[in-house]
Amino acid sequence: MGLSKENVTGLILALMSSLFIGSSFIIKKQGLRRAASFSGVRAGVGGFYYLLEPLWWVGMITMIVGEVANFVAYAFAPAVLVTPLGALSIIVSAVLADIILKEKLHKLGILGCIMCIAGSIIIVINAPKEERITSVLQIWNMATQPAFLAYVGSVIVLVFVLVFQFAPRCGHTNVLIYTGICSLMGSLSVMSVKALGTSLKLTFEGNNQLVYPQTWFFMLIVAICVVMQMNYLNKALDTFNTAIVSPIYYVMFTTLAILASVIMFKDWDGQSFSTIMSEICGFIVVLSGTIMLHLTKDFERSHSFRGGTPSSPGTLSVRLYNGNGDLLLKEDEENESLESNC
């Protein structure tokens, strides 16, 4: 199926987003290393000298540009196309880390990169065309259809149960609790971001959508969902091994975001069964490649300790995390003894 002009624009923005976000982590890590060498105090043990390091701020600005490009991409292309492409930022960071930071990319990691690229190509080729939207009221009608309201109701109930029943009792022992909350809220945030992005796009084109209360409602939902996502994502990353949290969250978040988009925007309406199955297969290939990349990254980290050559106490470890096309940075100290997490 040929890509529409809007899909091509969204695709280019999504690819730019992955390039900027993936590069930002390498730039920020270089900045952290430089700051640590000057101050002698690493960020992982409470140092804040990196805030005075220009290179770190270059990395932050690069990340912001990438996030903005990702936000705008949702205004042009369906979530079924944009969301899975967030995995490409992991490839960018992994390749640049191998070239610039000399962090060797394992052979299975290279295979994971190839799988992500192959799966992304399959998704792009079979992506549905974006329906032309002329008003935020049109999106509001989609958001208030019975099928999507049932989905939203189910998400809210599940989130309340997880937050008040399961999180206090087993949130620190079961990785699915915190990641489940993040993923469920993330699926709603993606739909709200798409609605808000489309509204702003129409406004910039001369069709003012800020006069409608629905636009501000979607903006409020974005804020609430993002705050909840960040809160429970930080809890998950602080409690469990990042190599476990990252692939689980990416799989759950991307799956639920695509499901929500299919229900709300009816992305698969008008597509043949074979085309839909091709998209699903491409999505599975991307997920498999992403999981392989994270697992091999953890393998390399563990191998460096068990192989008799522990990392230097001055090493800064940068863990990469993907989610709504979103990556997070977690800086922590690598001690000579490997701490095992639940």
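Reader: Which residue forms a salt bridge with Arg34?

Author: First the idea: a salt bridge is a side-chain nitrogen of Lys or Arg within 4 Å of a carboxyl oxygen of Asp or Glu. Here the side chains of Glu53 and Arg34 make such a pair, with 3.4 Å from N to O. Helices (H or I, at least four residues) and strands (E, at least two) are DSSP runs, numbered from the N terminus.

Reader: Before we go on, what kind of model is this?

Author: It is a predicted model, in which local features need pLDDT of at least 70 and side-chain atom pairs count only at pLDDT 80 or more, while totals for chains, interfaces and linings use all residues. Residues are numbered from 1 along each chain as its sequence is written, and side-chain values use heavy atoms, with hydrogens and water left out.

Reader: Thanks! Is Glu53 buried or exposed?

Author: Buried means under 20% relative accessible area, exposed over 50%, and partly exposed in between (1.4 Å probe, protein chains only). Glu53 has a relative accessible area of 6%, so it is buried.

Reader: How many salt bridges does the structure hold?

Author: There are 3 of them. Another joins Lys201 and Glu6, whose closest N and O atoms are 3.0 Å apart. Lys201 belongs to helix α8 (residues 175-204) and Glu6 to helix α1, so this pair ties together parts that are 195 residues apart in sequence. Lys201 is buried, with a relative accessible area of 11%, whereas Glu6 is partly exposed at 24%.

Reader: And which residue pairs with Glu205?

Author: Glu205 pairs with Arg132, and their closest N and O atoms are 3.9 Å apart. Glu205 lies in the loop between α8 and α9 and Arg132 in the loop between α5 (107-126) and α6, so the pair ties together parts 73 residues apart in sequence. Both ends are partly exposed: Glu205 has a relative accessible area of 49% and Arg132 one of 47%.

Reader: Let's turn to the helices. At what angle do α7 and α8 pack?

Author: Two packed helices are described by the angle between their axes and the distance between the axes. Axes are lines fitted to C-alpha atoms, for helices over the stretch in contact, and angles run from 0 to 180 degrees between N-to-C directions. Helix α7 (residues 146-170) and α8 pack at about 155 degrees, with their axes 9 Å apart. That makes the two roughly antiparallel (under 35 degrees is roughly parallel, over 145 roughly antiparallel, 65 to 115 roughly perpendicular and the rest oblique).

Reader: Which residues in α7 and α8 meet?

Author: Contact means heavy atoms within 4.5 Å. On the α7 side the residues include Phe148, Tyr151, Leu162 and Phe166, and on the α8 side they include Tyr178, Leu184, Met185 and Met191. By class, this contact has 18 nonpolar, 2 polar and no charged residues (Ala, Val, Leu, Ile, Met, Phe, Trp, Tyr, Cys and Pro count as nonpolar, Asp, Glu, Lys and Arg as charged, and the others, Gly among them, as polar).

Reader: What about α6 and α9: at roughly how many degrees do their axes cross?

Author: The axes of helix α6 (residues 136-143) and helix α9 (residues 213-239) cross at roughly 60 degrees and come within 9 Å. The two helices are therefore oblique to each other. Val136, Leu137, Ile139, Trp140 and Ala143 of α6 make the contact with Gln214, Thr215, Phe217 and Phe218 of α9. That contact has 7 nonpolar, 2 polar and no charged residues.

Reader: Which residues does Ser18 touch?

Author: Leaving out residues up to four places away in sequence, Ser18 touches Leu85, Gly86, Leu88, Ser89 and Val92. Ser18 is part of helix α1 (residues 5-39) and, at 5% relative accessibility, counts as buried.

Reader: And how far is the C-alpha atom of Val262 from that of Val80?

Author: They are separated by 7.7 Å, although the two residues are 182 apart along the chain. Val262 is found in helix α10 (residues 242-265). With residues up to four places away set aside, Val262 touches Val80, Asp267 and Trp268.

Reader: To finish, how many helices and strands does the protein have?

Author: The count comes to 11 helices and 2 strands. Of the 342 residues, 52% count as buried. Among contacts between residues at least 6 apart in sequence, 82% join residues at least 24 apart.
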